[in-house]
Every structure is written in structure tokens, then in C-alpha cells.
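Keep the model open beside you as you read.

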Amino acid sequence: MQFSGRRRKVNLSSQSELYGHAVQFYAQPPLENISLNEFETFAVERLKLLKTVETLGVSYVKLSEQYQKKLETESKNLNFPYRSETDDKKIPSGGLSESEKRRKDHISHFILRLAYCQTEDLRRWFIQQEVDLFRYRFSELHSKQKLEFLHRNNLQYDAISAEEKSSLQRELIESSYGLSGITVEQQDFYRVPFQDALDLVRARKVYLKAGYAYIPHQDIVTIVLNDFRTRLSKALALTARSLPAVHSDERLQPLLTHLSHAYVGQDYSVQKNVGRISLEQVDSLSGKSFPLCMRQLHQSLRENHHLRHGGRMQYGLFLKGIGLSLEQALQFWRSEFIRGKVDADKFDKAYAYGIRHMFGKEGKRADYTPYSCMKVILSNAPGQGDHHGCPFRHSDPELLKQKLQVYKVPPSGIGQILELVKGMHYQLACQKYFELTHNVEDVSFSLSHPNQYFIESQKILGGGKDLKREVDTPQRSQENAAARAARGPTASATGHLAEMTEDLDSFFQDG
């Protein structure tokens with residue numbers, strides 16, 4: 001595919017211009033042609049990186065040693081730039097050169113712009129993660145590289161000379177928190193027009209003279225981050241205006257929609273545990289091992305003996321994922337519905353088909369995948385009488401607080417959860433709920449799927465012994481790749497993308 005109407009090959013000089021520095025403002029869009037396969041791969045791997053940035057940003061102090069080490073590891077694993085060196089000579093086996101990593105970083109950023117410009121919530125999430133990623137990368141630059149970056153991006157913030165710094169030493173120490181004579185000598189100061197440093201001026205953290213603010217080396221990132229955030233916000237708004245043209249491309253529209261709802265964890269559609277859960281266990285398990293979204297669906301079903309379509313799909317696929325067979329599912333839903341206003345005959349005519357359809361026994365016979373957290377959060381919001389969705393995303397904070405109190409979450413824990421919800425970290429709020437209800441600290445996984453929640457809960461409650469799910473997704477991926485290869489290069493791009501997006505959940509996995 002192509003990113004611009006200008007059809008041209010990117011030559012070496014333009015590559016050097018674009019990727020000559022380890023950090024970018026992403027001011028110039030990529031102009032080269034790439035395959036749909038590369039388009040998808042780049043997008044998914046950057047999304048994994050941004051998900052890591054989000055999780056680390058809540059779990060650790062940003063730019064702390066642990067934070068930087070873990071983010072460097074993930075960047076390295078995904079073949080993104082992770083340090084400021086530009087040595088192309090030493091390339092690890094299976095890895096990319098530094099310029100190839102920067103190309104991937106550049107292209108993948110613009111792909112996700114297309115996917116995450118569609119709503120205010122998506123834009124806000126994307127901007128926050130990109131800003132945090134930029135902060136980490138900028139902090140890794142040496143002083144000379146930071147100055148080079150400023151000049152390349154027309155941020156003419158020059159470091160003051162040693163003589164000027166010496167003459168202003170007293171003023172710089174008095175106006176900048178935590179500085180001494182020694183630290184002033186050891187670090188650079190930048191002279192910046194005061195209107196570009198209003199946040200620092202407002203906080204009285206810098207020295208002002210003749211319309212300029214003197215910014216310590218460690219605070220120049222504040223200026224650059226503000227600029228980056230502003231540029232990216234404007235760029236996303238402009239990108240959103242061009243979406244109708246992008247959506248007219250039948251190859252891209254489904255893929256971009258999937259990316260904005262993307263799940264990047266294990267595939268829970270493969271059932272090796274069919275029949276391992278009995279119907280008699282469901283009530284007990286709902287109170288011990290169900291995430292809050294499924295717990296509220298189960299409770300509503302038991303109380304009202306009915307769920308609307310959105311609730312049936314979300315809860316039904318979850319139950320399928322934890323091991324209910326088709327026969328068990330039919331029995332479960334029939335026994336509950338006939339307790340309400342639906343008799344057995346009406347159930348068989350109006351509802352049984354939908355349950356068989358979930359299991360791939362009707363219609364196009366697709367093996368439907370349990371909903372991921374992102375799909376639950378970003379799908380249609382529940383309306384009056386609905387009970388699907390994410391309680392952390394779709395519940396009124398006061399109602400959520402009451403529900404957590406009923407489920408005996410301690411007051412301090414409720415406060416932590418509500419703070420995460422306020423910051424729109426809904427999956428992390430659910431992870432905190434997991435920790436509090438299972439009496440564990442700092443779980444070793446990043447929660448991104450209701451069925452993952454169930455399996456991890458069973459591991460803890462079973463003393464480390466979980467339902468032994470044997471997920472053979474690598475084999476499935478190889479089979480899919482082999483099938484595509486057998487069709488040959490003459491297969492249409494549209495047909496390829498249709499298959500690719502239909503089976504996208506199996507692609508979004510951690511290898």
C-alpha cells in the first residue's frame with residue numbers, strides 16, 4: 001500500500017534525512033510503498049509496545065531504573081529503536097539494523113494514527129502513550145544528540161556558554177530546585193523564549209532574564225514534550241478529517257477498525273478444555289474467578305433470567321472460552337431463560353440458533369473468539385436494560401464504588417481502582433481488582449482478556465495448577481501461512497485482507 005498520492009521510491013538520501021536521528025517528531029509522513037502484510041505487522045508490534053508503555057507507566061515511576069530497563073527490553077524484542085547509538089554493523093541474528101528499526105518506528109506510528117484518530121477516547125490514549133514513549137527515548141539521548149534534535153526540528157534552544165553560566169551561577173542556583181554550584185557546572189542550561197516555557201515559569205522553576213528562561217538540562221524535556229503533544233494532537237485532528245477517504249479503501253477500513261479494538265495476547269478461541277467445567281461450578285466460579293464484567297453479567301442473568309444480545313455474546317463466548325461445550329451451553333441458557341418469560345419452544349426457535357452460531361455450527365461456521373478487554377471497552381456502550389460492556393469503563397463511578405463495596409473490596413483498594421478509572425486505565429483497574437480479590441501484590445502478567453483473568457485466577461486458587469489449556473496457535477498460524485502460500489501471489493489483496501482481518505485475534509498473540 002502507499003501512504004501518499006505521490007508515487008515514488010524512497011531513495012537513500014531521503015532515508016538518511018528521515019532516519020538520521022534516533023528520535024522523531026513524525027512531522028513528515030512516509031512516502032514509500034509497503035505490503036499489507038508489513039502494514040499489519042508493523043502496526044501490531046507498535047501497539048504491543050504502546051501497551052507496555054501504558055502498563056509500565058502505572059506500575060513504576062516513569063524513567064526509574066526498572067521502568068527504563070523493562071521498556072528497553074520490550075523495544076529490543078519488538079525491533080524498535082531502544083538506545084541512541086547508530087551502529088549498523090553489529091546486528092543480532094534475526095534483528096534489524098538501526099536505520100531499519102527507525103523506518104519501522106516511523107511507518108508504524110503513522111499507521112496507528114489512522115487507527116487511533118477515530119474517537120476522542122482513542123486519540124487521548126494514543127497521545128499519552130506516544131508522549132511517554134517519546135519521553136523515554138529523549139531521556140536516553142546524550143547532550144549533543146539532544147541539541148542536534150532541537151536544531152533538526154527548528155527548536156532553536158541553544159545551550160549557554162560556560163562563561164555565561166558562570167556569571168549567572170548564583171541566579172541559576174536560586175531559581176532552579178535542587179541545584180548546587182557543582183550540579184550547575186556539570187549540566188547544560190538552555191536559553192528559551194519565556195513563552196515556550198510557561199509551565200516552568202508558572203511553577204517558578206527557572207531563571208528569567210530579558211524575555212528568556214534559562215532551562216536546566218533535566219527540564220528541557222518539558223518544553224520538547226509540550227511541543228510534541230501539541231503537534232501530535234493537531235496531526236490526529238487533521239487525520240480524522242481524512243478518514244472518509246481512507247475508509248473508502250476496502251482493504252484498509254476493516255484492518256484499521258480491528259487495530260483500534262486490538263488484542264495482543266494469547267488466543268482463547270482454541271478449546272482444549274471442553275467439558276472441564278461443569279454447569280454446577282459456574283455459580284461458584286463466578287464469585288471467585290470471573291472478572292467483574294462477567295460477574296455482573298452472570299448475576300444479571302440469574303436475577304432477570306434473560307440477557308440482551310450484547311450480553312449473550314459477551315458472556316456466552318467467555319463461557320465457551322473457559323470450557324463449556326455446545327451441549328452444556330445450550331442447557332445452561334435454556335434452563336435460565338425458561339425460568340423467565342421464555343418457554344422451551346420459544347427458546348429453541350429464537351435463541352438456540354445464536355448459541356450454535358457462537359460455536360461455529362450455524363451460518364458461516366466461524367469459530368468465534370471470546371471478546372478481549374479492548375473489544376469489551378470499545379464496542380457499543382450498554383444502553384438501558386443492557387448489562388454488557390466494561391464496568392470500569394461504562395459504570396458511573398458511584399455505582400462502581402457501591403458494587404466494589406458489595407464484593408468486599410477494601411476501601412483503600414476501591415480508592416486505587418477509582419483513581420485508575422479516572423485516568424482511563426480501565427484494564428489496569430481490572431488488574432488491581434484481581435490483585436485485591438486474590439490477595440496478591442504486583443501480579444506477573446499484564447491483564448488484557450477476561451479469559452486470561454479466569455485462567456490466572458484458577459492458577460492462584462489451585463496453588464499454581466490451572467486448567468491445562470494447550471493452545472496450539474503457532475501451528476494454526478503456520479497452517480494459515482501455508483494456505484496463503486498455496487494460493488500464490490495471484491490471490492486478490494481484498495480476499496487476503498478479508499481472511500487476515502477475520503482471523504485477526506489469532507494473529508494478536510505473544511509468540
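Predicted model: local features only at pLDDT ≥ 70, side-chain atom pairs only at ≥ 80, totals over all residues.

**From a hairpin to the helices**

Lys209 stands opposite Tyr212 in strand E4. Residues are numbered from 1 along each chain as its sequence is written, and side-chain values use heavy atoms, with hydrogens and water left out.

Strand E3 (residues 207-209) runs antiparallel to E4, and three bridges link them; two strands are said to pair if DSSP finds at least two bridges between them. E3 and E4 form a hairpin with two residues between them, and Ala210 in the turn has a positive phi of about 55 degrees. E4 itself covers residues 212-216. Strand E2 (residues 189-193) also pairs with E4 in the antiparallel sense, over five bridges. Within that pairing, look for Tyr190, whose bridge partner in E4 is Ile215. How much of E4 is covered? Four of its five residues are buried, where buried means under 20% relative accessible area, exposed means over 50%, and partly exposed lies in between (1.4 Å probe, protein chains only).

Now step back to the whole chain. Its secondary structure comes to 28 helices and four strands; helices (H or I, at least four residues) and strands (E, at least two) are DSSP runs, numbered from the N terminus. Of the 511 residues in the protein chain, 48% are buried. Among contacts with a separation of 6 or more, 69% are between residues 24 or more positions apart, contact meaning heavy atoms within 4.5 Å.

Helix H2 (residues 36-59) and helix H13 (residues 253-260) have axes 11 Å apart and an angle of about 15 degrees. Here axes are lines fitted to C-alpha atoms, for helices over the stretch in contact, and angles run from 0 to 180 degrees between N-to-C directions. H2 and H13 are therefore roughly parallel to each other, since angles under 35 degrees count as roughly parallel, over 145 as roughly antiparallel, 65 to 115 as roughly perpendicular and the rest as oblique. On the H2 side, Phe39, Glu40, Ala43, Val44 and Leu47 meet Leu255, Leu256 and Leu259 of H13. This contact has seven nonpolar, no polar and one charged residues. By class, Ala, Val, Leu, Ile, Met, Phe, Trp, Tyr, Cys and Pro count as nonpolar, Asp, Glu, Lys and Arg as charged, and the others, Gly among them, as polar.

Next, turn to helix H16 (residues 309-322) and helix H25 (residues 450-461), whose axes come within 10 Å and cross at roughly 40 degrees. That angle makes H16 oblique to H25. Phe318, Gly321 and Ile322 of H16 make the contact with Pro450, Asn451 and Phe454 of H25. The residues there divide into four nonpolar, two polar and no charged.

Finally, helix H3 (residues 65-77) packs with helix H5 (residues 120-139) at an angle of about 100 degrees, their axes 11 Å apart. H3 is thus roughly perpendicular to H5. Tyr67, Gln68, Leu71 and Glu72 of H3 meet Asp132, Tyr136 and Ser139 of H5, a contact with three nonpolar, two polar and two charged residues.
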